[in-house]
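Thanks, everyone, for making the time. I would like to walk you through one model this morning, beginning with a single site and then stepping back to the overall fold.

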Amino acid sequence: MLNLTGKNALVTGIANNRSIAWGIAQQLHKAGANLGITYLPDDKGKMEKKVAELVEPLNPSLFLPCNVQNDEQIQSTFETIQDKWGKLDILIHCLAFANKDDLSGGFSQTSRSGFNTALEISTYSLVQLSGAAKPLMTEGGSIITLTYLGGVRAIPNYNVMGVAKAGLEASVRYLAAELGLQNIRVNAISAGPIRTLASSAVGGILDMIHHVEEVAPLRRTVTQQEVGNTAAFLASDLASGITGQVLYVDAGYEIMGM
Ligand SMILES: NC(=O)c1ccc[n+]([C@@H]2O[C@H](COP(=O)([O-])OP(=O)(O)OC[C@H]3O[C@@H](n4cnc5c(N)ncnc54)[C@H](O)[C@@H]3O)[C@@H](O)[C@H]2O)c1
């Protein structure tokens, strides 16, 4: 039943082979989905080259620049989907950003601009991309974003990103309530800590991972592929009754009190 053949999936957030989005793209591809990949462009074209090489084996039929702070790039991404695919079935929102300075030390010292940047890129982008995807999801759809426990508990150093994730999880519920009328499901996966480019900016990330390995029921953290498997499930008809939820893929860490 986990068959995504004939489904068009847009995957954001691949930076390298450690990216959670890379794990998701691989599992969607295995399930038969037709992929469109976006990357964060830079002046020298380095990211474009790196991501293009990485994703080549997955034969994406679209490969587009999309900085979520750039309205024109967002518009152009969805216009291309309309032109080339005609419809969109799956949207993977797998990106976040906060200044490194705001990911350690005291939360009360967060600057206005640092707060705004983190919330704009990490939270508002889900709202904007979902709004752009809505008219293209003519046969229903599945929107999936990535969150972390720091959105519901105070985790050392996660700071402003915790506020961004709280906003993201609330956005999932509001989007699910609205888009359900069009049979579009919206869910979040709350992943356990994984070493990636983004997580390396969080102060003490290795301590967080080691703590999870000691305490989680499965005595380990999770892999990008495990998150990818859950995303493939949520994208598929197997999850047709699930929307507005935050699903923990964290080796069980979230249930522990001590
Ligand atoms: N790694 C973890 O431990 C962990 C745990 C739970 C949730 N998450 C979440 O997973 C998601 C993916 O992060 P990751 O850990 O795979 O790290 P990553 O660094 O591989 O991915 C982050 C992505 O965000 C993209 N990005 C940043 N600013 C952008 C912008 N303005 N426009 C477009 N893209 C932009 C980057 O290019 C990158 O591809 C994030 O939402 C993160 O918060 C990560």
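Tyrosine 148 sits in the loop that joins β5 (141-147) to α5 (159-179), where helices (H or I, at least four residues) and strands (E, at least two) are DSSP runs numbered from the N terminus. Please keep in mind that this is a predicted model, in which local features need pLDDT of at least 70 and side-chain atom pairs count only at pLDDT 80 or more, while totals for chains, interfaces and linings use all residues. Residues are numbered from 1 along each chain as its sequence is written.

Tyrosine 148 counts as buried because it has 27 C-beta neighbours inside 10 Å; the cut-offs are 20 or more other C-beta atoms within 10 Å for buried, 12 or fewer for exposed, and partly exposed in between, with C-beta atoms placed from the backbone. Leaving aside residues up to four places away in sequence, tyrosine 148 touches Lys165, Ser190 and Ala191, a contact being two C-beta atoms, placed from the backbone, within 7 Å.

Tyrosine 158 is also found in the loop between β5 and α5, and it is buried, with 25 other C-beta atoms within 10 Å.

Stepping back, the protein comprises 7 helices and 7 strands, which run β-α-β-α-β-α-β-α-β-α-β-α-α-β from the N terminus on. Of its 258 residues, 47% count as buried, and the C-alpha trace spans about 50 × 40 × 35 Å along its principal axes.
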